[in-house]
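Q: I'm new to this one. Can you walk me through it?

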Amino acid sequence: MRFSVACLSACLAPAAALSIFNGNAPDVIANEDLKIPGESPLEHCNVQHDSDIITIKRVDLVPNPPAAGQELVIKASGTVKKTIEEGAYIKVTVKYGLIRLVATKADLCEQIGNVDLKCPVEAGDMEITKKVDLPKEIPPGKYTVMADVYTVDDEHITCLTATVTFNMGGNGFLSNEL
């Protein structure tokens, strides 16, 4: 189950870095067919995810909603259906409203090192817990993160997305503490 959470953490790293920094409750629009079980804004990118190489069973964020300047704990569980080899990659897009902040392709095996994993990732059930220190400074607004993950042979591993809206105030960049 480590890989599912590793992949998830790799997907969430941009979200944690760019979209989960305010103590206000997120404005999330959920589609129950796409929603990943648990206490988080994560969803699958599309309804057709049965053939994905990983099955994500649950993702929880503590606290949910996350708060600026606090530690965020990401807990996830799932199943890897097929070994993930070196050369797997992740395409990450981060938007702030309509503005694309990041659009990049990264080595998945390097990214999962952030959660103490390494390739190859063997098939099987996994659980992972990752702690992330969230900075206090973040502009309020709507952030959308999409992470599309593939094997070295371009076989689809999974695709995750999250959209969170943060308002002015709270513990964020434009709080009353300034």
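This is a predicted model: local features need pLDDT of at least 70, side-chain atom pairs count only at pLDDT 80 or more; totals for chains, interfaces and linings use all residues.

Q: OK. How do β4 and β7 pair, and over how many bridges?
A: They pair antiparallel, over 8 bridges.

Q: Which residue in β5 is the bridge partner of Tyr 89?
A: Asp 107.

Q: What do β4 and β5 form, and how many residues lie between them?
A: A hairpin, with 2 residues between the strands. Gly 97 is in the turn, and its phi is positive, about 65°.

Q: Switching topic. Which residues touch the most other members of the largest nonpolar core?
A: Val 59, Ile 84, Ile 90, Leu 108, Ile 112, Val 121 and Ile 157. That core has 34 residues.

Q: Which elements give two or more residues to this core?
A: Several strands do, among them β2 (54-62), β3 (71-80), β4 (89-96) and β6 (124-133). β7 (141-150) and β8 (156-166) are also on the list, and so is α2 (108-111).

Q: Now His 44. Where is it found?
A: In strand β1, residues 43-44.

Q: Is His 44 buried or exposed, and why?
A: His 44 counts as buried because its relative accessibility is 7%, and the cut-off for buried is under 20%.

Q: What does His 44 touch, leaving out residues up to four places away in sequence?
A: Leu 34, Ile 36, His 49 and Asp 52. His 44 also touches Thr 158, Cys 159, Leu 160 and Thr 161.

Notes
Residues are numbered from 1 along each chain as its sequence is written. Side-chain values use heavy atoms; hydrogens and water are left out. Helices (H or I, at least four residues) and strands (E, at least two) are DSSP runs, numbered from the N terminus. Buried means under 20% relative accessible area, exposed over 50%, partly exposed in between (1.4 Å probe, protein chains only). Contact means heavy atoms within 4.5 Å. A nonpolar core is a set of buried Ala, Val, Leu, Ile, Met, Phe, Trp, Tyr and Cys residues joined through side-chain atoms within 4.5 Å. Two strands pair if DSSP finds at least two bridges between them.
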